[in-house]
Amino acid sequence: MAATGTTFCPPKQVQRMRELTDEGKHRFRKEVVLPAIMFPANLISRIVGCKTIFDYTVKKLSNRIKPIMDIPSTSNKYILFEPDLLNAEIRSQILESISQLANISVDFEERHITIEYEDWSAKQCINAILPEGILFRVEKLMPWNEELRILEWMHSWQTVVNKLESIENEYRFFELDVLAGEANYITEVREGGLRYKLDFSKVFWNSRLSSEHDRIARKFDSHSAVFDCCAGVGPFVLPAARRGARVIVANDLNPESVKWLRENIKINRANVG
């Protein structure tokens, strides 16, 4: 269950920031007051998984801020709750569930938490800096290229691109415009437990097709003979190999796709011939 309010959104004062200096990072700091229940650490296992309780806890924001937090120098922990989700009836249900499951009497208290820049995700930072919806319409995005330079410093992001046009070349890859970061398009994605390394500027890849890849892959078994003439970087070939297909033959018109397909076969130690 997601929060309905603005408790876990960066402060409005960061909107339209153009530089991420130390002072700029400080502007992401936010003080919040969260409902909390102090709980003996040795009894936590009795309530973990109870929907009546954990449907209303905070979602993990970072390694520092999460639903269950240690209390230094004690044998207790805090369970933190979403203030926007609680009312008197829900609070009563939570306390009753804890009493039944752990056989202890507890009550809600307030816990003051400071959220720092490092605790926010890159997506949360972007949404706070740019007007709502700006990332979803290219014609509105372009005037914001200057603001998007801030992404160069955001967490683990290295390159942010915009797809300029629909696919029109015979090798079916997108023309890209670098909005932030370096013009390095080599990346690695994971799908279905497999690793795919590729150059996004030279091959076709669409993560939205993962469900289709999985649907087809489930048809393969040790009796399958797989001939993939448009293999790309291997989204059908590698699952077929993992499922033990008897014969796998793969090719692609794009030499770059074949190059990365071979690389991915090595990375995943797939048996493809």
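Begin by selecting Ser224, which you will find in the loop between helix 7 (210-217) and strand 9, and keep in mind throughout that this is a predicted model. Ser224 counts as buried because its relative accessibility is 13%, and buried means under 20%. If you display its side chain, you can follow it to the backbone nitrogen of Asp221, which it reaches at 2.9 Å. Beyond its neighbours within four places in sequence, Ser224 is in contact with Lys219, Ala245, Arg246 and Val247.

Next, select strand 9 (residues 225-228) together with strand 10 (residues 247-250), which pair in the parallel sense over four bridges. Within this pairing, look for Asp228, which stands opposite Ala250 in strand 10.

Move on to helix 4 (residues 122-129) and colour its buried residues, which are Ala122, Cys125, Ile126, Ala128 and Ile129. They lie on the same side of helix 4, because the arc they cover around the axis is only 165 degrees. In an α-helix there are 3.6 residues a turn, so residues three or four places apart point the same way.

The last stop concerns aromatic rings, of which the whole structure holds three pairs. Select Phe81 and Phe108, an edge-to-face pair with 5.3 Å from centre to centre and 65 degrees between the planes. Phe81 lies in the loop between strand 3 (76-80) and helix 3 (88-102), and Phe108 in the loop between helix 3 and strand 4 (109-115), so the pair ties together parts that are 27 residues apart in sequence. Phe81 counts as buried at 0% relative accessibility, and Phe108 is buried with a relative accessible area of 15%.

How values were computed:
Residues numbered from 1 in each chain as written. Predicted model: local features only at pLDDT ≥ 70, side-chain atom pairs only at ≥ 80, totals over all residues. Heavy atoms only, no water. Pairing = 2+ DSSP bridges. Helix = DSSP H or I, 4+ residues; strand = E, 2+ residues; numbered from the N terminus. Buried < 20%, exposed > 50% of the residue type's maximum accessible area, 1.4 Å probe, protein only. Arc of directions from axis to C-beta. Polar contact = N/O pair within 3.5 Å; in protein donor to acceptor, adjacent residues only side chain to side chain. Contact = heavy atoms within 4.5 Å. Phe/Tyr/Trp six-rings, centres within 6.5 Å; stacked < 30°, edge-to-face > 60°.
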